[in-house]
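Hi,

Here is the structure I promised to pass on.

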Amino acid sequence: ARDYIQRRHLSADTVQAFMLGYAPHDWRQALEHLRLLGYSEDEIVDAGVAIRNDKGNVYDRFRHRLVIPIRDSRGRTVGFGARALNPDDNPKYLNSPQSALFDKSHLLFGLDVARRAIRETETVVIVEGYTDVMAMHLAGVTTAVASCGTAFGEDHLALVRRLMMDDSYFRGEVIYTFDGDAAGQAAAMKAFDGEQSIAGQTFVSVAPDGMDPCELRQKSGDPAVRDLIARRIPMFQFAIKTLIAGQDLDPGRSGRGLRQSTQRL
């Protein structure tokens with residue numbers, strides 16, 4: 001776990017701020033620890049820390065993983081994300097199961113750390129991964145948050161708007177960052193489909209060479225991450241370019257009308 005943190009260039013202050021931990025390569029260590037603290041097996045299973053199989057056996061959900069507490073906007077831990085440390089372990093990221101406490105549609109990772117900056121700047125930066133949030137904050141982009149294994153949706157947007165105290169007309173900026181590969185492009189287009197109500201305030205920043213923000217920071221440093229956000233473009237502009245890229249624009253063929261439309265745009 002320490003090696004992974006060092007490879008990602010995460011500082012000791014970041015480890016402390018985001019309360020990173022480690023789940024030992026053991027089947028019952030967390031379970032037994034919580035039982036000693038007075039929790040019942042049912043409570044531990046309901047909290048998503050342990051699993052009960054079909055035979056009734058109970059064992060730890062997270063094993064040999066970097067553990068990332070997921071907190072609500074008030075800083076209360078409501079679940080965990082756990083990153084595999086063995087390359088052969090799947091899935092790479094394992095979250096707590098959906099529960100009364102851990103509702104992915106109403107949670108944004110890093111919001112408790114970013115909330116003041118979001119409120120002051122009326123800007124939120126949406127990234128795809130937990131370590132991307134940390135890399136953004138280390139680079140000085142302190143408005144970065146991430147959804148917890150699900151797409152950024154209407155409930156997340158409502159959460160951010162309440163934080164900005166913006167109940168009538170959305171004045172702030174939502175900036176999405178995506179990897180510069182095909183999957184990132186598809187994610188951006190999916191976000192565009194759901195953002196028509198605030199299309200004028202939604203922007204996209206695409207990292208080069210298929211890198212995520214954390215990889216970009218590792219390769220090029222903090223200025224490159226800040227520049228990534230500074231070079232954002234309107235979501236609708238990105239969507240138009242993406243749609244046009246998949247068309248035949250040869251004037252002598254069916255793309256002629258599309259080329260003319262593009263020139264007018």
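**What I found**

Ile-70 touches Arg-76, Thr-77, Val-78, Gly-79, Phe-80, Gly-81, Asn-95, Phe-102, Leu-107, Phe-109, Tyr-130 and Cys-148, leaving aside residues up to four places away in sequence; contact means heavy atoms within 4.5 Å. Before you go further: this is a predicted model, where local features need pLDDT of at least 70, side-chain atom pairs count only at pLDDT 80 or more, and totals for chains, interfaces and linings use all residues. Residues are numbered from 1 along each chain as its sequence is written, and side-chain values use heavy atoms, with hydrogens and water left out.

Ile-70 also turns up in the largest nonpolar core, which has 32 residues; Leu-20, Ile-70, Phe-109, Val-125, Met-134, Met-136 and Cys-148 touch the most other members. By nonpolar core I mean a set of buried Ala, Val, Leu, Ile, Met, Phe, Trp, Tyr and Cys residues joined through side-chain atoms within 4.5 Å. Buried is under 20% relative accessible area, exposed is over 50%, and partly exposed is in between (1.4 Å probe, protein chains only). At least two residues of this core come from each of helix H1 (2–7), E4, strand E8 (123–127), H6, strand E9 (144–147) and helix H10 (222–230). Helices (H or I, at least four residues) and strands (E, at least two) are DSSP runs, numbered from the N terminus. Another core, of 19 residues, lies apart from that one, and includes Leu-111, Ala-114, Val-124 and Val-204.

Now for E8. Five of its five residues are buried, so E8 is largely enclosed by the rest of the structure. Thr-123, Val-125 and Val-127 cover one side, with Val-124 and Ile-126 on the other. E8 runs parallel to strand E10 (residues 173–178), joined by four bridges, and Thr-123 has Glu-173 as its bridge partner there. (Two strands pair if DSSP finds at least two bridges between them.) E8 and E9 are parallel too, with three bridges, and Val-127 is partnered by Ala-146 in E9. From E8 the chain crosses through H6 to E9 in a right-handed β-α-β crossover; right-handed means that, with the strands pointing away from the viewer, the path from the first strand over the helix to the second runs clockwise.

H6 (residues 130–138) is mostly covered itself, with eight of its nine residues buried, among them Tyr-130, Met-134 and Met-136. Just after H6, Gly-140 has a positive phi of about 100°.

There is also an open, antiparallel sheet of four strands, in the order E1-E4-E5-E6. Its edges are strand E1 (21–23) and strand E6 (93–95), each pairing on one side only. Inside the sheet, E4 (residues 65–71) and E5 (residues 77–84) share seven bridges, and Pro-69 stands opposite Phe-80 in E5.

Most residues other than glycine have a negative phi, and most peptide bonds are trans. The bond from Asn-90 to Pro-91 is cis, with omega near -5°, and Pro-91 sits in the loop between E5 and E6. His-9 has a positive phi of about 60° and lies in the loop between H1 and helix H2 (12–17). His-64, with a positive phi of about 50°, is in the loop between strand E3 (58–60) and E4.

Cheers
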